Structure formats: C-alpha cells, structure tokens
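The entries follow in the order I looked them up.

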Amino acid sequence: MTNWIAVDWGTTNFRAFLMDKSGEVIDKITAAKGLLSVAEGEYPSVLHNLLLAWEKYQFTSLPIGMAGMVGSKHGWIETDYLPTPLSFESLPEYPLEVRLPWNSTAFIVPGVCCTNPFNFYDVMRGEETQLLGLLALTEKKALSVILPGTHSKHAVIKNGILQYFTTVMTGELFSLLRYNSILAKNLPIQINNNEAFLKGVEIGYQSPFNIAIFSTRTKQLFNQISLDSVESYLSGIVIGNEVALLPDSNHYYIIGEKNIAEKYQKALSYVNKQSSFLDGDSCFLAGMKIIVSQYIKRGWK
C-alpha cells in the first residue's frame, strides 16, 4: 500500500484527504467546489488545480478514490446505482475508472438504489462508503444506521448486507421552514434551548408533521415559547418526526458531524432509544481505505 488520496465530492463542497500507507490523514483540502460550482467537462481541471497544494507529495503518482455526487448524472461521470440487497464485501468490485489529465486513473464509487419500506425508489451516493467503513470500525454485521444531513438516510444492514434504506429530507425541510416560512419570521438572535428542543421532539414524534410544525407559530402567539428559542423548538419537531419513522431497533449508529449527531442522540434518548456516534469522516476514510487497497491489488495504473 502506498500513499493515496480520498475525495468526498458533494453537491456544494469538495473535500480531499491525503492518506499515508497505514490510513492516517497527512493533510486535508476543503473547498466550496461542489457540483453546483463546476461546469460540465471541468471536473478533471478543477481536481488538478485543487490538488496542486500537494505537489510536493507528488500527487500525480498517487491512487485517487472518489465518492459522492461526483458520480451523479450532473457530476464528472455517471456511475450505476447498485441495487439492494448489497453485500458490502462486494462493493470494492464496482468502482468506475476515470482517466486523469496527468495520464493516470482514479475511480468513482457507485451509488446504491433500493425500494424503501414505503414502496418508493430511493438512492444514495457517498453514504455507501461510510457504511462500509462503519462495518469495518465496529466489526459488526447487523446495524441500524442514521446518517443525518440535508437528506438524512436510515439504513438497515443484516449479515453484512445492506437490505434497504430510506431518505428523509429533514435538513432541507428545516432550512426551508426556518428561513422561508411564516413560522420563524422576524426572530431575535437564537439560543440553544434544550428544553424547547425536547418539547419539539415530543410534538414531532407524536403528531402528524404538517400539524406539528404550525405549533411553532401558535406557541409564539400565545407566549408558550420564548422568541429566542423558536429555532430549537422547530429543530426538535423535524428531528422528532424523523425519529418516529425509524425502523425498529434496540440500538442506532449515527454517522455524521458531532454537533448534529448530538441532537439526534438527545432526541433518541428522550424517546428511550439507544444510540452511538461515529464521526462521518472516520467512516468515509475507513471505507475508502478498503476500496483503494482492493483497487491497487487489481493493478491500478
């Protein structure tokens, strides 16, 4: 195993990790160069320009693995969606090679599709790599997983096989309601109010969503919530509603950023559900390390 590069290329952000042979991070590059800011055909040049910061590490000679929306229809090149049930042991067999400007190759990890428990088609890109890493880090074969975010994912893994997952637009809904609805207009500076958050969790967990969210308005009108805590209350409602949709499990693993994961852990604890947190980057890199090592063994060029 040589040094290598892992790239998490999403809709709004680009993140690259320079890794050593043992899988430790040497350096990291973060840029607001997601899909929304890259024109068609410019992905190779954008990657090259961003990685120039690692010229002293001879980045043009290193294996590069990429995952996320870079493999979408509007990304560098569209990769197939692998259907569930999906064995994570087989995931390293499917990366799609792309030619780089410096006469080398990188690969893009394909996404995954399924029919979720509500009988709708569902898709993910990038989370599959984090789930592979989660299996490696926990050394477990059966997991119920929450991946919070703009489009939160609930994934069920049994015997090392991804059975299905569900997308819940919690993050995007919160943003729309907070900044583009009557529920939270003309508010003062907001504070982090744990009591208001948990009250929101309770309401969101027990009530129909489109009824629960209007209580954000009425509780202000009748002085049942302080104006500086409206955001906490609304956040509790959307997360509580998501928690109510989780598949049954005795324990949930939460993959993501610490701040948002803590909210989910508070919400789960409030409704008597157990959880553990793992950092999203750690899971992503653990998964990518497995895929890169297999890619090198197959004769990376």
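I count a residue as exposed when its relative accessible area is over 50%, and as buried when that area is under 20%. The model I am reading is predicted.

Entry on E139. I checked phi at E139 and found a positive value, near 55°, in a residue other than glycine. E139 lies in the loop between α2 (127-138) and β11 (143-147). Is E139 buried or exposed? Its relative accessibility is 71%, so E139 counts as exposed.

Entry on N119. I located N119 in the loop between β9 (111-115) and β10 (121-124). N119 has a relative accessible area of 65% and is therefore exposed.

Entry on P85. Which residues does the cis peptide bond join? I read T84 and P85, with omega at about 0°. P85 sits in the loop between β5 (81-83) and β6 (86-87).

Entry on β14 and β15. I looked up how strand β14 (residues 251-256) pairs with strand β15 (residues 274-279). The pairing is in the parallel sense and runs over 6 bridges. For Y253, I noted S276 in β15 as the bridge partner. I next asked which handedness the β-α-β unit of β14, helix α8 (residues 258-270) and β15 has. I recorded the unit as right-handed.

Notes: Residues are numbered from 1 along each chain as its sequence is written. This is a predicted model: local features need pLDDT of at least 70, side-chain atom pairs count only at pLDDT 80 or more; totals for chains, interfaces and linings use all residues. Side-chain values use heavy atoms; hydrogens and water are left out. Two strands pair if DSSP finds at least two bridges between them. Helices (H or I, at least four residues) and strands (E, at least two) are DSSP runs, numbered from the N terminus. A crossover is right-handed if, with the strands pointing away from the viewer, the path from the first strand over the helix to the second runs clockwise. Buried means under 20% relative accessible area, exposed over 50%, partly exposed in between (1.4 Å probe, protein chains only).
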